[in-house]
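Me: Please walk me through this model. I want the interface and then one chain's overall form.

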Amino acid sequence: MENKPTSVWTSNRFWSRSAGWVTGVAAVLLILLTFDTMAQITMGTAEDVENKVTKRVPSPIVINYKITYEMDQRRGHEVPIIGGNDGNGKSLFQEKEKFFGRDDWTEEEAMELVNLGKLTVQAKNCMDCHTLLGNGAYYAPDLTKAWLDPAWGPEGPMQAMTGASSKEEAMATFLQNPDKYPTHERMMPNLGITAEEAKGVVAFLKHMSTIDTNGFPRNFGKIKGAVYVE
Amino acid sequence: MIEPCTDVVCSIWSILNQGPMTLTIFLHTLIVLPMVWLYFDEKKKLQRGE
């Protein structure tokens, strides 16, 4: 009986056992990956920042720091650097930067501001046109690293256009009256964002730019001046 | 082949997902090898007339 010619490929039992095996392994993998993701997207605390511990999603207190985007040769893509580079591609959490005139926002104040920004972004449905962390549309620019876009920097055109003296003020001024400042063929409509909401949105955008997204959005670093070079 | 983890938050998954090769080898070990075993197991059973 041992040499009876048989074709396993036409056996229903083989295919159902294989399907069961693959589904089972995939389900276990997905559950493990979900737990792994939960740990990775948990927001860091102010203590982490004080102890110079880099988290994928840092505490909102990072709005007090200078944020740059630098090429990490080992990881093969750009990574956000908070408060200066220690020379090994890690954040130093030392170099501060005024955010609306202050660099001493407490964790609670920063959290409140970032939350207000997030709620405004949801209420005004920014994702109808923009992309945030991979969610949303590509009708308007991707906002994941918008804070790092050199267009808002001292060399960019937006500060002169809005008459603001800093990046955050330029962004906030633009957000309150986007229809006054044509930046694109597809002009952003006026969404009735108030001054306080605009401040929150800018804080939200700054905080989001510090999230390590493993190099997403791809090619952001190709914008001239987006990647910080010593 | 297994290099020190370079991800922000190091985990087994970031080590396995360093590149396409480590992930491929991992998934083949977990899924394809058991299927090869299933194939020969079924063959034996069919030949025995079970």
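Me: How many salt bridges are there between chain A and chain B?
Reply: This is a predicted model, in which local features need pLDDT of at least 70, side-chain atom pairs count only at pLDDT 80 or more, and totals for chains, interfaces and linings use all residues. Side-chain values use heavy atoms, without hydrogens and water, residues are numbered from 1 along each chain as its sequence is written, and chains are lettered from A and ligands numbered from 1 in the order in which they are written. A salt bridge needs a side-chain nitrogen of Lys or Arg within 4 Å of a carboxyl oxygen of Asp or Glu. Between chain A and chain B the count is three.

Me: Which residue of chain B meets the side chain of Arg17(A) in a salt bridge?
Reply: The N to O distance is 2.7 Å. The partner of Arg17(A) is Glu42(B).

Me: What area is buried between chain A and chain B?
Reply: Buried area is the accessible area (1.4 Å probe) that two parts lose on being put together, summed over both. Carbon and sulfur atoms give 63% of it here. Val8(A), Arg17(A) and Trp21(A) supply 20% of the area that chain A buries against chain B, more than any other three residues. The total is about 2500 Å².
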